Protein chains: 2
Amino acid sequence: MNKLEIIPLGGIGEFGMNCMGIRFGDEMIIVDAGMGFPEETPYGVDISIPNFDFLDDYADDLTALILTHGHEDHIGALPYFLKKFNLPVYASRFTLALAEKRLSEHKMLDDVLLHRVEANDVSEIGSFKIEYIHASHSLVDCFSLAIRTPVGTLIHTGDYKIDETPVIGKPYDLKTLKKYGDEGVLMLLADSTNATVAGRTPSERAVIPAFEEIFADAEGRIIVSTFASSLHRLQVVLDIAHAFDRRVCVLGRSMQKNFEIASDLGLLDIPHNTLIELGESRSLDDDQIVYLVTGSQGESRAALWNMASGRYKGLGIEKGDTVILSARIIPGNDRAISRLIGEIYKHGGNIIEEKRRLIHVSGHASQEDIKIMTETVRPKFVVPIHGEYRMLFRHKEFIKNHVEGYTDENIILIENGDVLELDGNAARIVAHNDIGKSFIDEAHLGEIDYEIIRERKKLGFSGLITMVVAVDRETKKLKSEPQITVQGVAGINPLNGLLQNARQSIAEIITETKRDKYQDKNFMAETLRVHLKRMIQQETGTKPVIVSTVVEV
Amino acid sequence: MNKLEIIPLGGIGEFGMNCMGIRFGDEMIIVDAGMGFPEETPYGVDISIPNFDFLDDYADDLTALILTHGHEDHIGALPYFLKKFNLPVYASRFTLALAEKRLSEHKMLDDVLLHRVEANDVSEIGSFKIEYIHASHSLVDCFSLAIRTPVGTLIHTGDYKIDETPVIGKPYDLKTLKKYGDEGVLMLLADSTNATVAGRTPSERAVIPAFEEIFADAEGRIIVSTFASSLHRLQVVLDIAHAFDRRVCVLGRSMQKNFEIASDLGLLDIPHNTLIELGESRSLDDDQIVYLVTGSQGESRAALWNMASGRYKGLGIEKGDTVILSARIIPGNDRAISRLIGEIYKHGGNIIEEKRRLIHVSGHASQEDIKIMTETVRPKFVVPIHGEYRMLFRHKEFIKNHVEGYTDENIILIENGDVLELDGNAARIVAHNDIGKSFIDEAHLGEIDYEIIRERKKLGFSGLITMVVAVDRETKKLKSEPQITVQGVAGINPLNGLLQNARQSIAEIITETKRDKYQDKNFMAETLRVHLKRMIQQETGTKPVIVSTVVEV
């Protein structure tokens, strides 16, 4: 009998790059193709994606790519994936709209097959029968997946929260999940992002009272910054602006684009006469306007940072402005956000932060939600996904300690590259592959080999010395003085004579060495490089990259 | 009449690098010489310090350097400062011991004059009379300063919390502060680090109950990680270990060194037979041992990270271990700490985090403490210091709204480089200097010019191409094929023929150009560089650094 294999390519033990292969026999579907946020940005890298080369061995088996929702950590690698494996894509209409935006940047729209599916649709893809289950999250049109396979049913939650009163659309469809639970679920693959957070995640509606209070108090302009994809939040701002007779001006490219997509799809309910263009907004009184802007993470090219430093299309933060930062701080952005807040204060703006008022709620299930999920689905096995190892581990611990019937035996922690084999009864990790990740330079829409990043790191860490010597092809004697240039190296300057000494020392070596030793030009260059390296290290203590070139004339 | 000038060199509008000049006539004292934690670490930088060049103009006026306490952000720049201006240093014995450690790394101990002072000592330094006031903080032997000047008294808090029950030593000496307050204080320069935090900062003693519970529950080994300078915390661990019949093994260089210093000075009360060496510790049962280790910030070279990854002197994290992270997360370290925690979980360790249990308290005054401080000193003016602009601003707002008698008029926000002029009645900013900062490579104890860092950034961001051509000195015609090397550049590989084309194109240019144009070798190199740059950019879209060398033979 054939067995089922679960093979995560990303998103397990890390934040971002969510991607999972599910294989039965010679068929394999992929769930999500997300990007990550690497620490290698100083080296010309914008995003990271799973290294899809791993799938080369399965190229003939791949049948479909299913997207659970439209966040970048679930669809951001889509163009790169489809360039390698042009599979049909299944997703909701909002997810597809966001995916199309990315695909069009890569000019790929005409070359891919996109299937729009709706909640409770079922796609039969070979041996897999996939039902799309309406899920609540911080954006809309999200799915959890019920995947019937020949060995049993899998539930893949995607990202979710259990929101009984979302601002837009229906509550999470727990009923359908429960139906699968009653039938019997083999494995639940569940979001762990907030597995360290106690209690329940508040509804998207929970921010309304604080927003109302802030709008009631504000006498000047209101500036709201949030993620452009957080449609519930955008709707809240529209509704409350309308209630307080303020008009809304949307600023920042991604915010405008998402607004356009969402209103085209009828996902946002825009009160009549609420939206306003920037030009028109300038003629309104301060208490008649809300600017809805990008840049809640302190991004230096986003609208909010530019406003705070007074450079956004003539718009600046001024005394009397109320700035609402309606988003969480993504780890790593603390310093930038603190600078942003300082800048806003400097210009006289008042800041409302998430820490101090309930103006933001998470899109992910907290511990009590995880309990509800597990008890609704009652799977034979639970596999925590989406999160750093810390979250996956705590997800497991929480279920072990708070949901009856779950032990170390049936909560399984896996890592990227593991092959988790399932028959109807047992689940075990049978193999591990090193998947790794690829780095992308988005300006050029291209992959950067890690070897290139390694070289950049070295250059950036300690700088560069180039040395050129020209020697006679026959005698191997110097034809002119060695030339040395220096970039980014500490401890070398025209005054301390180091370069002078280095040139002299290199010249001496060449003079003293028998020409037989230098028959090979590359060998000669390498010998001189090592000599210069030792000398520089001795004199300055540093180890710059040294490029040594020998020219034979 | 002469006026007093307050000139902050660092620590205002940023975290770290605390340093302030106080000048009257031709006399100037400096309070603290701290280092900072720059974001430029990928470029071979370890720490940042204020650019002391600004003080060159005052070199003859400088009379003394006063250190408030021994944290790196207050003394870390000491060697670099003293190399430029060899002033006498005034500090407490623990502060001096930590300072001596740094000075000895720089082999400067014999060349500097260190004055040990105690609480309530008064130093008369020219026109300044400075009383050292015992302050409570997360380490010991800390001072606030009362500085009598000809125009009035300044109170400089240093870092402080108002701890009425510290673990080591006496409570904050509010009585002396009040005495000055009663006499009349012209200006209070006060720590803003926690000015965004409501309520009062708990006493260092507040962590004891949680520690006791954790020790009572733990059946295996206990590993406590905290800052090596947090002496109160170290004492708590010693006491509770003793109470629970565990012995303490201290690991990690800075922890061992600080332990040694503190016990030499009699600052730690080490219960008999409590400390134990690593070797001996191995023979103890798991429930008889506490490891006190460095690395609470996930530093990759510290003891805890090495233990977590199983490489610290044969010691690894094992099932049954309880790891107590008794420190706050310094912004920017989130990812590293999350990885550390994941690694510990993976090896079976249990983690106690600050967020979940009261195992860490801040060393800085919260809002209610700030209120107590302000009301005790009742200064004419308040100047928030130590913190990013966000904290300084919130410090001001808090006092304005919660302490009677303070308004925009007498709470003054200053920036690094401002000259705040004081006579007995008025305070105003009369000038601003751009001070900037210097970057230090600690391995070589040397400064790195920002220009060098800028060059490293460029190299690191997009990589390097070197091109060498040898031409005839007379005819300016090529003597051999152009040589090109590539490091860290994306889009160039042996297969795509780009280098081949580039060499050819360069050769053609040289052939086609009249020799008159190339009389200047550097001009020729620059012309070829620009040509190659355009070509690479056109073909690959990237802009690597290009080093072009022309050799005339």
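Okay, a definition to start: when we superpose the copies here, we do it by least squares on the C-alpha atoms of residues with pLDDT of at least 70 in both. Keep in mind that this is a predicted model.

So, how do the two chains relate? A rotation of 180° puts chain A on chain B, with 0.1 Å of shift along the axis and an RMSD of 0.1 Å. That's the relation of a two-fold axis. And which residue of chain A comes closest to that rotation axis? A:G460 does, with its C-alpha at 2.0 Å.

Now the interface. Of the interface residues of chain A, 100% are also interface residues in chain B, so the copies meet through the same surface.

Helix 12 of chain B gives the most, with nine residues. If you sort the lining by class, you get twelve charged, nine polar and nine nonpolar residues.

Let's stay with helix 12 of chain B and look at how it packs. Two packed helices are described by the angle between their axes and the distance between the axes. Helix 11 (residues 367–377) of chain B and helix 12 of chain B have axes that come within 10 Å and cross at roughly 65°. This crossing of helix 11 and helix 12 of chain B is right-handed. On the helix 11 side, the contact is made by B:Q367, B:E368, B:I370, B:K371 and B:T374, and on the helix 12 side by B:R394, B:H395, B:F398, B:I399 and B:H402. By class, that contact has three nonpolar, four polar and three charged residues.

Last one, over in chain A. The axes of helix 14 (residues 498–512) and helix 15 (residues 521–540) of chain A come within 11 Å, crossing at roughly 145°. Helix 14 of chain A passes helix 15 of chain A in a right-handed crossing too. Residues in the contact include A:L498, A:I506 and A:I510 from helix 14 of chain A, and A:M524, A:L528 and A:M535 from helix 15 of chain A. By class, this contact has nine nonpolar, four polar and one charged residues.

Notes:
Residues numbered from 1 in each chain as written. Chains lettered and ligands numbered in written order. Predicted model: local features only at pLDDT ≥ 70, side-chain atom pairs only at ≥ 80, totals over all residues. Heavy atoms only, no water. Contact = heavy atoms within 4.5 Å. Axes fitted to C-alpha atoms, helices over the stretch in contact; angles between N-to-C directions. Helix = DSSP H or I, 4+ residues; strand = E, 2+ residues; numbered from the N terminus. Left-handed = near helix turned anticlockwise from the far one by under 90°. Nonpolar A, V, L, I, M, F, W, Y, C, P; charged D, E, K, R; others polar.
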